[in-house]
Amino acid sequence: GNNKVLLETSYHSVTENRPAFHPTGNQYNEKLITMQLDKFDTEEIKAVLKLRNDKNQNLLHYAPNNLLMLKYCDDEEIVQYFANAFDGSYYTQLFGYIEDHSDELTEQLLAVRNTNSGDGLLPLVIKRQFKKPMYRWILNIVSALDEAKRRAYLAARNHNGETVLHTVVTSATFPKDLDDFLAIYPSAEFIQECLLSTDNLGRTPMEYAVSSSRHAIAHNLWCRTKRIEDKLKLLNVYGVEKSAYWSKYNFNEWLTDALTIDMKPGQFIQDVELLIEPFRFAAMCNDLQCINVILSKIDPKQPAQILKFVTTKLASRNNECCVHFAVKCKFIAAIESLFNLITHNIKDYDLVSNILFNQEVIFNVRQETPLVQASKAGKNDVVDFLLSLIPKKADKIKFIEMEYRMDLGLSSYQKDGGRYKTTTPIIETIRAYNKLSATKNLMKYYDKKSISSLLKYKNNRDQSIYHAFGYFETIEYFEQTFKIPFGYKQFTTPDCNGSTMFLKFINNQKAMEWMFSKCSKPEEQLQMIYMMTQNDQNAFDLVYSWGGGRHTIV
């Protein structure tokens, strides 16, 4: 009867519902636990060992060295405890017992899965004991299986959808290690299936190798992949984001060789969507040779395939298409070659209507057009090329002023109720830092008549071109070149938050002095200073305490 007190939840650990005989924290005492277990008979001990707290931990978790308790567990419980022990470090203390009894435990060893990760014993050992005796031990057990069972075991997935191959490519350092492991696979066809297997996030073993900086392993996987379409699938990975991967892993060289050497002249890729991600890679790396090789593998006699390649968007890449990718290349030849693929092979195709002014094609997830991206990046040659495709001057202005929606983030939504603002390429170029040359390049398409539409523009937040000015040099350019008006009215026109052009330049002493000089009356100067925003702030609240701004206001 006294042993009931040992089953009660201890007072100080009530949040875990831990029985009293579970040691507190790391205070493990083998003698104490053995003495407590002596209070129960054999059948009761089996039940007691299965008692778990709220963290799914039983007594074995607190007493990993007490192998005497294993005699109270059946084979399945012992093997399950061994698999779960890989979450810590005490699996090594149990390995001796497991190895000695591996003949009679083989069935349980192959069926067991770690409770937390869902990994089988082979991937668990690979992660902790790769190329060590424990690894050779479990590898021999798996190798002894017949072909069907071995295939099923190697194809099994954990909770993240990872196969054993996903695990081994992150642990192997040398190609020979991978070769030795793949030797247990039942067939070459099965290896090809596993090379293309993806986890729950769509990542292949190739991407795991790349993310783990396993260059030699990634190249080994690439060379093992036989079909060119399958190699392209390996390159359609989300994790390879930066162009630095190209110089490190030479993906462009691998791809160029595969498309030129492995394919016969005049042979084309039927599934052109597989070429979109490699095209993005090549554009990011500014590799024109690779770009041209990719474009040469699209059948010029199939217009539908050409347009599918050019206009298909990748949801994983901000919903952008090849037109967006091409303008990010530092060479204008990338976008020229892409559009030449259309104009040289599709007769009388209207690029302007079907692509440049087609919002379904030209808008990415942020509704940015390639013109916006090129202009903000200061790529004037790309901007000029895109505008040269539009024959009419009025349509050029329309393209420059094509309105799109910009996401300002949740903080803006919480602050003033407007998460989005509408804007245009020319407005954002004017707003961009140190992009006066890009602004001048776009403004050369305007004259005194067409600039009126720019001066009249207001977005959904009541902001005009005057709210876009952020740098005094840009203001001087517009005043001297286009003679647009600057005065008290323009300086004090508020947007939806009550912010004005004057308040935007409140900490630019040169700009403030210039604005004060444009006022015709002293009263106008004072009104500019005391105008309040929606947050009840005026110039004195917003000006820095240091610098000459406050002195200029005073």
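Modeller: A residue is called buried when its relative accessible area is under 20%, exposed when it is over 50%, and partly exposed in between, with a 1.4 Å probe and protein chains only. The areas themselves come from the Shrake-Rupley method. The model is predicted, so that local features need pLDDT of at least 70 and side-chain atom pairs count only at pLDDT 80 or more, while totals for chains, interfaces and linings use all residues. Residues are numbered from 1 along each chain as its sequence is written, and side-chain values use heavy atoms, with hydrogens and water left out.

I begin with the aromatic rings. Two rings of Phe, Tyr or Trp (for Trp, the six-membered ring) pair if their centres lie within 6.5 Å; planes under 30 degrees apart are stacked, over 60 edge-to-face, and the rest tilted. This rule gives 21 aromatic pairs. One of these joins Trp-222 and Trp-254, whose ring centres are 5.9 Å apart and whose planes stand at 35°, so the pair is classed as tilted. Trp-222 belongs to helix H14 (residues 215-224) and Trp-254 to helix H17 (residues 251-260), so this pair ties together parts that are 32 residues apart in sequence. Helices here are DSSP runs (H or I, at least four residues), numbered from the N terminus. Trp-222 has a relative accessibility of 5% and therefore counts as buried. Trp-254 is buried as well, because its relative accessible area is 9%.

A further aromatic pair consists of Phe-472 and Trp-514. Its geometry is edge-to-face, with 5.4 Å from centre to centre and 70° between the planes. Phe-472 lies in helix H33 (residues 472-482), whereas Trp-514 lies in helix H36 (residues 509-518), so the pair ties together parts that are 42 residues apart in sequence. Phe-472 and Trp-514 are both buried. They also belong to a cluster linked by ring pairs, in which they are joined by Tyr-466, Phe-469, Tyr-477, Phe-478, Phe-482, Phe-486 and Phe-491.

The charged side chains come next. A salt bridge is a side-chain nitrogen of Lys or Arg within 4 Å of a carboxyl oxygen of Asp or Glu. By this rule the model contains 20 salt bridges. Arg-227 takes part in a bridge with Glu-229, at 3.6 Å from N to O. Arg-227 also bridges to Asp-230, and there the closest N and O atoms are 3.0 Å apart. With 45% relative accessibility, Arg-227 counts as partly exposed.

Elsewhere, Glu-273 forms a salt bridge with Lys-308, with 3.5 Å between the closest N and O atoms. This pair links distant parts of the chain, 35 residues apart: Glu-273 sits in the loop between H17 and helix H18 (276-284), and Lys-308 in helix H20 (residues 303-311). Glu-273 is partly exposed, with a relative accessible area of 35%. Lys-308 is also partly exposed, at 32%. Returning to Arg-227, salt bridges that share partners join Arg-227, Glu-229, Asp-230 and Lys-233 into one network.

Other acidic residues gather in a negative surface patch, formed by Asp-74, Asp-75, Glu-76, Asp-103 and Glu-104. Such a patch takes residues with over 30% relative accessible area and no salt bridge, and joins like charges within 9 Å. Helix H4 (75-84) and helix H6 (102-111) each supply at least two of the patch residues. Asp-74 is placed in the loop between helix H3 (59-62) and H4. Its relative accessibility is 41%, so Asp-74 counts as partly exposed.

Finally, some loop positions. Lys-131 has a positive phi, near 65°, in a residue other than glycine. It is located in the loop between helix H7 (121-129) and H8, and is partly exposed, with a relative accessible area of 47%. Asp-348 likewise is not a glycine and has a positive phi, of about 60°. Asp-348 is found in the loop between helix H22 (333-343) and helix H23 (351-356), and its relative accessibility of 71% makes it exposed. Ala-144 occupies the loop between helix H8 (133-143) and helix H9 (147-155), and is exposed, at 65%. From C-alpha to C-alpha, Ala-144 is 9.2 Å from Ile-184, although the two are 40 residues apart in sequence.

Note on methods. Patch = residues over 30% accessible without salt bridge, like charges linked within 9 Å, V, L, I, M, F, W, Y side chains within 5 Å. Areas by Shrake-Rupley, 256 points an atom, 1.4 Å probe, with all protein chains shown as cover. Lys, Arg positive; Asp, Glu negative; His and termini not counted. Charge placed at Lys NZ, Arg CZ, Asp CG, Glu CD.
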